[in-house]
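Subject: Structure handover

Hello,

Here is the structure I promised. Please open it before you read on.

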Amino acid sequence: MADNDTVFSGRRGGRIIPAVLVIAVGVLFLCVTLGVKFPFLNWANWWAWFILIGAAWPLSEAWERYRATGTLDDAVWHSLLHALAVVMVAGIFILGLSWAIWWPLFVIYGGLHMLVRDPRRRRGQEVR
């Protein structure tokens with residue numbers, strides 16, 4: 001079988017993370033409907049699990065960039081930080097945490113984001 005015929009080659013490889021995430025959410029919902037109890041799942045906030053799907057794209061970009069370069073460069077960190085922001089929001093909803101207590105996480109996130117150079121910018125050039 002040629003490389004371009006495999007599911008994991010080229011551009012299709014970027015679908016692995018989103019696919020695994022969607023499968024995991026489906027398995028979680030199936031377990032709940034079968035009566036399995038998860039202490040971390042607040043059923044009143046079941047919709048918040050779909051927010052996690054928003055983290056799939058930046059995680060996929062980070063993985064593809066890491067595979068291409070073999071290093072954790074600024075573009076990889078940039079994508080990972082974007083995924084982290086989505087995961088933090090989803091986590092607060094899923095776990096039923098109070099925004100009044102956990103909002104400093106986003107200040108910390110802002111500081112981490114400032115440490116990573118935007119991969120779209122080159123020295124001496126502005127982003128348009």
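Below are notes on one helix pair and on the aromatic rings.

This is a predicted model, where local features need pLDDT of at least 70, side-chain atom pairs count only at pLDDT 80 or more, and totals for chains, interfaces and linings use all residues. Residues are numbered from 1 along each chain as its sequence is written, and side-chain values use heavy atoms, without hydrogens and water.

Helix pair. Helices here are DSSP runs (H or I, at least four residues), numbered from the N terminus. Helix α2 (residues 56–69) packs on helix α3 (residues 74–94) at about 160°, and their axes are 8 Å apart. Axes are lines fitted to C-alpha atoms over the stretch in contact, and angles run from 0 to 180 degrees between N-to-C directions. So α2 is roughly antiparallel to α3 (angles over 145 degrees).

Tyr66. Tyr66 is partly exposed at 34% relative accessibility (buried is under 20%, exposed over 50%, partly exposed in between, with a 1.4 Å probe and protein chains only).

Rings. The whole structure holds 5 aromatic pairs (ring centres within 6.5 Å, using the six-membered ring of Trp; planes under 30 degrees apart are stacked, over 60 edge-to-face, the rest tilted). Phe29 and Phe50 form a tilted pair, 5.6 Å centre to centre with 40° between the planes. Phe29 is in helix α1 and Phe50 in the loop between α1 and α2, so the pair ties together parts 21 residues apart in sequence. Phe29 is buried, at 18%. Ring pairs also link Trp47, Phe93, Trp99 and Phe106 into a cluster.

Best wishes

Technical notes
Helices (H or I, at least four residues) and strands (E, at least two) are DSSP runs, numbered from the N terminus. Angles under 35 degrees count as roughly parallel, over 145 as roughly antiparallel, 65 to 115 as roughly perpendicular and the rest as oblique.
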